[in-house]
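Visitor: I would like to learn how to read strands, rings and cores in a model.
Guide: Then let us take them in turn.

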Amino acid sequence: MALLVATNVVTGAALPVEVLRSVGGLPPHIVGLFQEPIAFQHVAGGPYYVFDRRGHTVYTVDADRSSARKLVEIGQEAGRIIQPSGFDVAPDGSSFVVADAPRGQERIQFFGPAGLRSFGFVLPGRPTPGVSIGSLVLNGVGSLQYTGSTLLTSHPESGALFTEYAASGWARRSFGLLRTTGHESDRDLHHTLNAGLPLVDPTGGYFYVFMAGRPVFRKYDVKGALVFERHIEGVELDNWLDAMPTVWPTRRVENREVPYIAPTVRTAAVDGSGQLWVSLAVPYTYVYDPQGDKVRTVQFSAAGVISPTSLFFARDGRLLVTPGCYEFDPRGRWP
């Protein structure tokens with residue numbers, strides 16, 4: 001694939017902004033099938049997968065991108081999905097997982113590549129939505145990452161940032177201390193400000209990106225010990241952070257009021273070299289090297305500037321982005 005051109009936009013930031021332009025993606029007649037695609041992934045040598053949250057559907061798209069078909073459809077029974085929030089494909093493409101909420105109860109289901117359910121389990125307790133973009137809830141099982149053998153989720157209600165589940169539904173371990181928020185007396189708010197994205201670093205260890213409040217990320221080693229913490233800062237974020245409230249509105253969920261908090265971070269992913277890509281509430285993405293230093297500021301452009309809802313790095317290095325189901329070459333170069 002040819003390198004794309006990145007355009008230097010002067011902003012006064014310490015780092016210039018690179019505009020990465022789409023080099024491909026799914027054709028319009030395929031994308032038009034989806035109501036709200038929030039995950040777009042590709043298996044090396046195999047098909048594409050699209051998770052359509054609003055359509056309550058998982059699609060597969062053939063490798064030549066000429067046709068799509070439904071693998072999993074709407075329904076409360078086992079093998080179907082209702083009110084889905086999270087999706088991920090195993091690195092080897094042997095299976096995928098979907099998190100949904102039949103009758104308000106969080107459930108994880110495992111499927112083979114043909115869409116046949118192999119296993120599933122229900123999580124204890126009731127979900128407490130907090131970090132949202134419109135009707136899309138980003139925290140809880142919506143943040144899951146599937147390693148092929150275990151699941152990582154953000155579950156601050158457990159007293160830790162990470163919870164790792166075996167495929168049997170057994171919680172193998174929890175790790176990562178909650179951060180101090182100043183709202184410890186308000187349990188729901190404190191936990192929501194600790195919600196985040198648990199990410200596997202393919203070069204070793206894990207990242208945790210806090211989604212709400214002051215933006216921060218942490219790096220943990222494979223044993224779950226903290227390696228470092230970094231604040232996410234930049235001139236692109238200054239106005240957003242200056243306007244951040246100290247008192248948040250609430251909304252009623254079942255029989256109680258819970259905080260309604262818009263995210264500072266929309267999504268994040270780790271590339272094959274261990275660099276962390278963090279897409280913000282403002283339409284910029286910061287890239288951090290494995291030591292936690294910011295090395296790039298990026299904007300994505302296709303049919304206009306894109307604010308990503310998901311990022312996925314394919315085995316060959318391509319970056320797949322929703323909405324729009326576009327592909328980018330993340331390397332870029334200066335003209």
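The dialogue below goes through a sheet, some ring contacts and the nonpolar cores.

Guide: This is a predicted model, so local features need pLDDT of at least 70, side-chain atom pairs count only at pLDDT 80 or more, and totals for chains, interfaces and linings use all residues. Residues are numbered from 1 along each chain as its sequence is written, and side-chain values use heavy atoms, with hydrogens and water left out.

Visitor: In what order do the strands of the open sheet of 4 strands lie?
Guide: Strands are DSSP runs (E, at least two residues), and helices are runs of H or I with at least four, numbered from the N terminus. Two strands pair if DSSP finds at least two bridges between them. Here the order is β4-β5-β6-β7, with antiparallel pairing. Because β4 (37-42) and β7 (68-72) each have a single partner strand, they form the edges, and one side of each lacks a neighbour in the sheet.

Visitor: How many bridges join β5 and β6?
Guide: Strand β5 (residues 48-52) pairs with strand β6 (residues 57-61) over 5 bridges, in the antiparallel sense. Tyr48 of this region stands opposite Val61 in β6.

Visitor: How many aromatic pairs are there?
Guide: Rings of Phe, Tyr and Trp (its six-membered ring) pair if their centres lie within 6.5 Å; planes under 30 degrees apart are stacked, over 60 edge-to-face, and the rest tilted. The structure has 22 such pairs. One of them, Phe40 with Tyr48, is stacked, at 5.5 Å centre to centre and 20° between the planes.

Visitor: Are Phe40 and Tyr48 buried or exposed?
Guide: Buried means under 20% relative accessible area, exposed over 50%, and partly exposed in between (1.4 Å probe, protein chains only). Phe40 is buried at 1%, and Tyr48 is buried at 2%. Phe110 and Phe119 form a tilted pair, 6.3 Å centre to centre with 50° between the planes. Phe110 is buried at 4%, whereas Phe119 is partly exposed at 35%.

Visitor: Which residues have the most contacts inside the largest nonpolar core?
Guide: In soluble globular proteins, nonpolar side chains tend to be buried together. A nonpolar core is a set of buried Ala, Val, Leu, Ile, Met, Phe, Trp, Tyr and Cys residues joined through side-chain atoms within 4.5 Å. The largest has 27 residues, and those with the most contacts inside it are Leu199, Val209, Phe217, Ile232, Leu276, Val278 and Leu280. Among the elements that each supply at least two residues of this core are β18 (196-200), β19 (206-210) and α3 (235-242). A second, separate core of 14 residues includes Ala39, Tyr49, Phe87 and Val98.
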